Amino acid sequence: TGILKVENANGDILEEWKPTEFEEVLDPQIAFLINDILSDKGQAVGSRIFVSGKTNAAKTGTSTKSNKQETGGSVRPSDGWVIGYTPTIVTGVWIGNTDGTGMSYNADGYTSAAGIWNTVMTKALSKLPNEPFPVPEGIKKISISKASGKLPSANTPQEFLTADYFASFAVPTEIEKSFVEVEIDKISGLLATEFTPEAAREKVIYQNLS
C-alpha cells in the first residue's frame, strides 16, 4: 500500500488506508525458522550483514548477465544484493552498473553491498531497542544428534548433541542408530571374543557410517 493517508491544507483527511482482513501467505512457524536461519551469526557469510547489538536477519546475493558482459574472458558479476530486516525495518541494497556491464571480478553481494546496508541499518536502528523475532505458537526447541538430525539415542556422544528449532508439524520422532556400543579387545583392537580376558575388555562407542 503506497499511500496511507491524504489530507488537505486544513488537515482534513480525504482518504485513509486502514487494515482490513489479511491473507496469511506463509505459516508463521516457517517464517520463524527462516528468520532464525538468516539471523544465525555462527553460520553467516560475515559480520557486515549484522548490526552490532541488534537482532536482524539478512541474505546476500550475486548474479551475472552474461548477455551484457564484455566478450572474452570470464564472466564478471553484474549485480550485488543485500536484503536484511528486523521485525520493524527492512532495507534492501543493490549495487552494480546501470548499463548492466560487469563489476570487478571479486565483487559480490557481501563485499560490495553489505557495507552500505550495514551503515544504513546501523543508523536506522541506533535509537531503537533490540527487537528479537517473535516465536509463534507451535515452535519447539529439541535436542537432536548432529550426526543424523534425528533424536539422540543412549549411545549418542555428548559432543554430537545440539538443540534446534522445529515446527510443530516437523518435530523429529525417529531415534538415530548411528552410534553402537561394542566390546573390544584392548590388546588387538578387534571385537572381543570368548577368549578375551576380562581385564582386556573395553566397551567403546563407534559411529556407523554405512
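## The K5–E7 pair

In this predicted model, K5 and E7 are joined by a side-chain salt bridge, with an N to O distance of 3.3 Å. K5 is partly exposed, its relative accessible area being 42%. E7 also falls in the partly exposed class, at 43% relative accessibility.

## The K150–E174 pair

A salt bridge connects K150 with E174, and 3.2 Å separates the closest N and O atoms. The two residues belong to distant parts of the chain, 24 residues apart. K150 sits in the loop between β6 (140-145) and β7 (161-166), while E174 sits in the loop between β7 and β8 (179-185).

Accessibility was computed for both partners. K150 is partly exposed, with a relative accessible area of 30%, and E174 is partly exposed at 47%.

E183 and R201 form a salt bridge through their side chains, at 2.9 Å from N to O. E183 is located in strand β8 and R201 in strand β9 (residues 201-207), so this contact ties together parts that lie 18 residues apart in sequence. E183 counts as partly exposed at 30% relative accessibility.

## Overall count

The model contains four salt bridges in total. Among them are the K5–E7 pair, the K150–E174 pair and the E183–R201 pair.

Key. Residues are numbered from 1 along each chain as its sequence is written. This is a predicted model: local features need pLDDT of at least 70, side-chain atom pairs count only at pLDDT 80 or more; totals for chains, interfaces and linings use all residues. Side-chain values use heavy atoms; hydrogens and water are left out. Buried means under 20% relative accessible area, exposed over 50%, partly exposed in between (1.4 Å probe, protein chains only). Helices (H or I, at least four residues) and strands (E, at least two) are DSSP runs, numbered from the N terminus.
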